[in-house]
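Visitor: Before we begin, could you take me through the reasoning behind each label, setting values against definitions as we go?
Guide: Gladly; let us look at the structure together and then take the terms in turn.

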There are 2 protein chains.
Amino acid sequence: MNSESPIALDAMGGDYGHAVVVPAALQVLEELPALRLVLVGDRAVLESALAGVAGAVRARLEIRHASERVEMDDLPSHALRVKKDSSMRVAVNLVKDAEAQACVSAGNTGALMAISRFVLKTLPGVDRPAITSALPCADGHTYMLDLGANVDCTARQLFQFAVMGSALVRAVDNNSAPRVGLLNIGEEENKGNEQVKEAAHLLAASPLNYIGFVEGGDVYAGVADVVVCDGFVGNVALKTSEGVAKFIVQNVRREFSRNLFTRLVGFAALPALKGLKAKIDPRRYNGASLLGLQGIVIKSHGGADAFAFANAIRIATLEVAKAVPDKIRDGLAGLLVERRAG
Amino acid sequence: MNSESPIALDAMGGDYGHAVVVPAALQVLEELPALRLVLVGDRAVLESALAGVAGAVRARLEIRHASERVEMDDLPSHALRVKKDSSMRVAVNLVKDAEAQACVSAGNTGALMAISRFVLKTLPGVDRPAITSALPCADGHTYMLDLGANVDCTARQLFQFAVMGSALVRAVDNNSAPRVGLLNIGEEENKGNEQVKEAAHLLAASPLNYIGFVEGGDVYAGVADVVVCDGFVGNVALKTSEGVAKFIVQNVRREFSRNLFTRLVGFAALPALKGLKAKIDPRRYNGASLLGLQGIVIKSHGGADAFAFANAIRIATLEVAKAVPDKIRDGLAGLLVERRAG
């Protein structure tokens, strides 16, 4: 990773603001000795949070003052038009002005998307950015997009999501031919809505490694590296998954607490269950990418703790190192050239 | 339950046909001494499958011959127009002719829906039938609809789903004011697509116990008794849930098989894990209702085993006993009257 420019962190965003962002920043700075970070937010608050931090780490940490904060319930339009000195806006501005190579925020998703689109603009050939994140699956992980930025999508947008997701996986997973699946309610050609059917034709005619329709049950089976869907479906699928996992964990706990014997067994089973918990821990997968922008923006979960927020910072460093926006630009340009030639 | 008319079973449907349907039928007949069933399918095959069945049970079991079978990959239009003597079609015809009080099929969902709509017709005020099923949740179960019959839904259809789901829960769960939630990608009013926003207004103005938007994560948390969504979203959410549960079970198994110690612990933990498995076992929830028809039609999973198919038969007996279509008719009529009066 280029150590010239830092990564900007919206230090006031999310449910916990600096109380999570500062410890996460310190943790990742310890791990990555070439990394530099900019904390964007209330200077006095941040200075005080950094009191006592060792000089070597502190030297790689700047503070950039911002006088406002986007609230979790601010309308995106309000955050964009009125809160021009919010920590979120200033962090995104730093990316635009090439003073930062990426930014990470745990703030309001709609506001972050609106500000990022307005400030950074989309890449040529991208109608709307999409949100994507890695989800655990049988043999590693699967990227699903869109996860909620676009409630209604045209076939053309679904196709762009496939190109962007594929470029992301090629870049960050060193996978030269990511398998792209289109989420549908059956595998037969006659299934699905019009947008999905038309997107299937676009994908089949493209140079992407398109494997056809996949169903909800395939997402965690590892049959595809990229699963494409509209943001309404993707958001529901993601949150339902988290709900099921939570439901199962609660029930495991209840089963093991029935009586003394089951409590003892549960205690003995802890290491094994912890291994599983670590594997499916949403904190390990925290950090969703806003793809299709002229810059790198990572969205952390609003309720992320320092462990989870640190992961979002790591994703930002990886996307910087792999120049993800350039790869997406190339992916889209390649298709345009091919279509002109075809 | 009225013991006058039997329940018809499509004995050739699904992945296993009579090999599953016959043992399931025998099991439920043993449990419910007033129940009568009609097996619809190839008479010779069914006679031979019933050889050796005790007389008392056999006396409550008729066979109705059907010369054809709807295949899992038949197009619904083909099944409807060409296969007029399929076991599925004959079973639905029995309901129409009041020779059966309900029918159960594990066959092709699209074909079952097309045949049921054509033969039985929808109830007054229902544009399209919906598929619903109980899903396990924190304090019992939640009904979600639509689960895949309708890929694009208008606000009006979503509203009808809410009325039908609410009537179903009132009837079968003795719940006088089922909590109805509308599935969305956020709880704020400005979230979601146009159909969902408009349906929210219709629901808020209705006498239903409408609790507002719910998110994917709420489905298994037991916040609503009925969760309303379009069939694309519902189908993806359902199948994704099953995928997550399968993924977790596989990983639990893997964690416990790591070494001798974890295998021993796993063995000791088996009773507790079995309790959980029983709770989330999709077989226990097998049997989806096609709501909004002038008759009771239950769809079993195509890959159901006898344990699961027996559950689908039990759901049919329950809906017969509670006269679910009449309750839905009343629910819809009540709203029409109220609107005229309002």
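**Domains, helix, loops and partner chain**

Guide: In this predicted model, the domain assignment of chain A gives domain 1, made of 1-124 + 292-322, and domain 2, which covers 127-286. The C-alpha centres of domain 1 of chain A and domain 2 of chain A lie 26 Å apart.

Visitor: How many residues of domain 1 of chain A are in contact with domain 2 of chain A, and what makes a pair of residues count as in contact?
Guide: Two residues are in contact if their C-beta atoms, placed from the backbone, lie within 7 Å, and on that basis 19 residues of domain 1 of chain A are in contact with 11 residues of domain 2 of chain A. On the domain 1 side, H6 and helix H11 (306-321) of chain A each supply at least two residues, and H11(A) gives the most, with 7 residues. Sorted by class, that side of domain 1 of chain A has 8 nonpolar, 6 polar and 5 charged residues.

Visitor: How do you know that the length of helix H7 of chain A agrees with what its residues should span?
Guide: Helix H7 of chain A has 19 residues (155-173), which at 1.5 Å a residue should span 27 Å, and its end C-alpha atoms are 26 Å apart, so the two values agree.

Visitor: Why is H7(A) called largely enclosed?
Guide: A residue is buried if 20 or more other C-beta atoms lie within 10 Å of its own; 15 of the 19 residues of H7(A) are buried, and therefore the helix is largely enclosed by the rest of the structure. Just after H7(A) comes Asn174(A), which takes a positive phi of about 50°.

Visitor: Why is Lys121(A) called partly exposed?
Guide: Lys121(A) has 15 other C-beta atoms within 10 Å, and since a residue is buried at 20 or more and exposed at 12 or fewer, Lys121(A) is therefore partly exposed. Lys121(A) sits in the loop between helix H6 (109-120) and strand E5 (130-137) of chain A, and its phi is near 70°, a positive value in a residue other than glycine.

Visitor: What makes Ala98(B) count as exposed?
Guide: Ala98(B) has 10 C-beta neighbours inside 10 Å, so it counts as exposed, the limit being 12 or fewer. Ala98(B) is in the loop between helix H5 (87-96) and strand E4 (102-105) of chain B, with phi near 60°, again a positive value in a residue other than glycine.

Visitor: Which elements of chain B touch chain A?
Guide: Here 46 residues of chain B are in contact with 46 residues of chain A. The elements of chain B that give two or more residues to this side are helix H9 (231-256) and helix H10 (260-280), and H9(B) gives the most, with 19 residues.

Visitor: How do you know that the two copies are related as by a two-fold rotation axis?
Guide: A rotation of 180° with 0.0 Å of shift along its axis superposes chain B on chain A, at an RMSD of 0.0 Å, and the two copies are thus related as by a two-fold rotation axis. The same surface serves both copies, for 98% of the contact residues of chain B recur in chain A.

Notes
Residues are numbered from 1 along each chain as its sequence is written. Chains are lettered from A and ligands numbered from 1 in the order in which they are written. This is a predicted model: local features need pLDDT of at least 70, side-chain atom pairs count only at pLDDT 80 or more; totals for chains, interfaces and linings use all residues. Helices (H or I, at least four residues) and strands (E, at least two) are DSSP runs, numbered from the N terminus. The expected span of a helix is 1.5 Å times one less than its number of residues. Copies are superposed by least squares on the C-alpha atoms of residues with pLDDT of at least 70 in both. Domain bounds come from an automatic or database domain assignment. Ala, Val, Leu, Ile, Met, Phe, Trp, Tyr, Cys and Pro count as nonpolar, Asp, Glu, Lys and Arg as charged, and the others, Gly among them, as polar.
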